[in-house]
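Here is a short briefing to read alongside the model. Please keep the 3D view open as you go through the points.

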Amino acid sequence: ILRPLCTLPRCSTILNSDSNNSRPPPFPLATTETMMDPAVLALATLGLVDSISFMIVAPSLAFYVEKLGGSQDAYGFILAVYSFASFCGKPILGRWSDAQGF
């Protein structure tokens, strides 16, 4: 049996509100149509592949850094630069892909 993720009283009142309430909920509720949209599934798959690729590369990168004469600090710096670049670049690429219509 599926249970709601949010069990706080305010969340349950939002999710179980009367139809007489003229205010829309403060967040859009996902419907089956939006969740099964091919674009949403493609984005979710790309996010999963991106996460898995980082989980595969990050541990093995330590051996390459050590083989090339780098220290643990160099390994940490490389991971920090990658994470920061990803943090800064993803919103930019997201806006670009929205403008292109992807």
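Tyr82 is partly exposed in this predicted model, at 39% relative accessibility (buried means under 20% relative accessible area, exposed over 50%, and partly exposed in between, with a 1.4 Å probe and protein chains only).

**The aromatic pair**
- A search of the whole structure turns up one aromatic pair (rings of Phe, Tyr and Trp, the last by its six-membered ring, pair if their centres lie within 6.5 Å).
- Phe54 and Tyr82 form that pair, and they are stacked, at 5.2 Å centre to centre with 10 degrees between the planes (planes under 30 degrees apart count as stacked, over 60 as edge-to-face and the rest as tilted).
- Phe54 belongs to helix α3 and Tyr82 to helix α4 (residues 72-100), so the pair ties together parts that are 28 residues apart in sequence.

**How α3 and α4 pack**
- The two helices α3 and α4 pack at an angle of about 155 degrees, and their axes are 9 Å apart (axes are lines fitted to C-alpha atoms, for helices over the stretch in contact, and angles run from 0 to 180 degrees between N-to-C directions).
- α3 and α4 are therefore roughly antiparallel to each other (the term applies to angles over 145 degrees).
- On the α3 side, the contact includes Asp50, Phe54, Ala58 and Leu61, and on the α4 side it includes Tyr75, Ile78, Tyr82 and Lys90 (contact means heavy atoms within 4.5 Å).
- By class, this contact of α3 with α4 has eleven nonpolar, one polar and two charged residues (Ala, Val, Leu, Ile, Met, Phe, Trp, Tyr, Cys and Pro count as nonpolar, Asp, Glu, Lys and Arg as charged, and the others, Gly among them, as polar).

**Phe63**
- Phe63 lies in helix α3, which spans residues 38-67.
- Phe63 is exposed, with a relative accessible area of 61%.
- Phe63 and Tyr75 are twelve residues apart in sequence and 9.3 Å apart in space, C-alpha to C-alpha.

**The chain as a whole**
- The chain has four helices and zero strands (helices are DSSP runs of H or I with at least four residues, strands are runs of E with at least two, and both are numbered from the N terminus).
- Of the 102 residues of the chain, 6% count as buried.

**Reading the numbers**
- Residues are numbered from 1 along each chain as its sequence is written, and side-chain values use heavy atoms, with hydrogens and water left out.
- As the model is predicted, local features need pLDDT of at least 70 and side-chain atom pairs count only at pLDDT 80 or more, while totals for chains, interfaces and linings use all residues.

Technical notes: Angles under 35 degrees count as roughly parallel, over 145 as roughly antiparallel, 65 to 115 as roughly perpendicular and the rest as oblique.
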